[in-house]
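Hi everyone, thanks for coming along.

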Amino acid sequence: MSSKDTDFPFANSWFRVATSQELSTTKVIPLHYFDKDFVLFRNAQGHPCILDAHCPHLGAHLGYGGKVQDGIIRCPYHGWLWDEEGHCAGIPYSDKSPQVKIANYPVTEINGLIMMYYHQQGALPTWQIPPIPECNSAEWTPLRLVRRWTTRTDLKNYLDNSIDVAHLHQVHSQTFKAAQSDSVEIEGPVLTHKMSQKYNLSSLSSGGLISEDGNVTTTYYGAGYDVSFYWTQGKFKLGLLQIFTGTPIDGDRLDIQVFFSVKKVLPAPLNQIVAAMMRKDTETTFEQDMPILENKIYKSHPLLLEEDGPIGQCRRWASQFYE
Ligand code: FES
Ligand SMILES: [Fe+2]
């Protein structure tokens, strides 16, 4: 349920709008985020670009039937051509070149994802999402989508849930026996949260080779993208990388996609089994949050205890994305 406490439901931040895999050089992807329509395609150099979706001529949606060639998108209606910055690049039945421009938006491709910078007033980004070496490392399994959810919630509730420590055992007791917040560091648009946790690894931990004790470092880059590294202690240190992305569709719905990778610490067949278990657990765990997220309200003045984790700190940090 949306917080409804603001006329500005979308944070100024970088948001995932597609995966690199989804966008070939000849594809046009229609997007609907931030209550608006856009098109995503690649320019002649292969870089992703995003324009408003509707053609200035008579309003056709470029994402439904539009074709892209050498970075120029052709409107499906009367064939007008538009370049990556939204300038008219030709009309098939006229020599005129109208001085109109389709709005374009900052976009980057990083860690296997295509990210768009949204700003309510159209300002350009002053910070970037950094590369995460593990996303391209042979020591880690390829980053894969766990699942996508279209969820009736907003970024504020989503962030609250993400940094909420007490709910981990209360809602996800099959995975978390215990959790405690150890530290929070804030540097501009980046918040890093470290936790100690005790996992429910059942048969995996028998024999003591894999410890149930572990820790997680979650780094939030803006309001809709966070990267977590989970590590277990013991002889075999299991490592799990999760990237959570939440992109507002409109004021009431969030497109949540979770990606994961595991460190190849065990022999290949065993590693595959562990990876499949972790993937399933990630899905099950987040699925448990859904009915809470979809039905809770956003309390501006919640009754927070220290044991709840740094929810207040996270809220103060996130307020910069709404200014
Ligand atoms: S509406 Fe796009 S060319 Fe006519
Ligand atoms: Fe949760």
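Predicted model: local features only at pLDDT ≥ 70, side-chain atom pairs only at ≥ 80, totals over all residues.

Let's begin where two parts of the chain touch: twelve residues of domain 1 are in contact with 16 residues of domain 2. On the domain 1 side, strand 1 (13-19) and strand 2 (29-33) each supply at least two of the touching residues. Strand 1 gives the largest share, six residues.

Now a step back, to the domains themselves. Domain 1 covers 13-118 and domain 2 covers 133-322. Their C-alpha centres lie 33 Å apart.

V39 sits in strand 3, and A44 lies in the loop between strand 3 (36-42) and strand 4 (48-52). So here's a question for you: is V39 buried or exposed? V39 is buried, because 24 other C-beta atoms lie within 10 Å of its own, and 20 or more is what it takes to count as buried. A44, on the other hand, has 13 other C-beta atoms within 10 Å, so A44 comes out as partly exposed.

Their contacts are worth a look too. If we leave aside neighbours within four places in sequence, A44 is in contact with D70 and G71. With neighbours set aside in that way, V39 has contacts that include V28, I29, P30 and L31. Also among the contacts of V39 are I50, L51, L62 and I73.

From the C-alpha of A44 to that of F259 is 28 Å, with the two residues 215 apart along the chain. V39 and G309 are 270 residues apart in sequence, and their C-alpha atoms are 39 Å apart in space.

Over to another set of strands, and I'll take them along the chain. Strand 16 (residues 225-232) pairs with strand 17 in the antiparallel sense, over seven bridges. D226 stands opposite F244 in strand 17. The hairpin of these two strands has six residues between them, and G234 takes a positive phi near 95° there.

Strand 17 then carries on to strand 18 through a hairpin of five residues. Those two strands are antiparallel as well, with nine bridges. If you want to find the pairing on screen, look for Q242 opposite F260, and P248 opposite L254. Strand 18 also has strand 12 as an antiparallel partner, joined by seven bridges; there, T151 stands opposite L254.

How many residues of strand 17 are buried? Nine of its ten, so to speak a mostly covered strand. Strand 18 is mostly covered as well, with eight of its nine residues buried.

That brings me to the last stop, helix 3. Helix 3 (residues 268-295) has 28 residues and reaches 42 Å from its first C-alpha to its last, close to the 40 Å expected at 1.5 Å a residue. There is a kink of about 30° at D289, shortly before the proline P291.

And which residues of helix 3 are buried? They are V274, A275, M278, R279, T282, F286, D289 and L293. As you read that list, here is a handy background point: an α-helix has 3.6 residues a turn, so residues three or four places apart point the same way.

Notes: Residues numbered from 1 in each chain as written. Chains lettered and ligands numbered in written order. Helix = DSSP H or I, 4+ residues; strand = E, 2+ residues; numbered from the N terminus. Expected span 1.5 Å × (residues − 1). Bend = angle between axes of the 7 residues up to and from the residue. Buried ≥ 20, exposed ≤ 12 C-beta atoms within 10 Å, placed from the backbone. Contact = placed C-beta atoms within 7 Å. Domains from an automatic or database assignment. Pairing = 2+ DSSP bridges.
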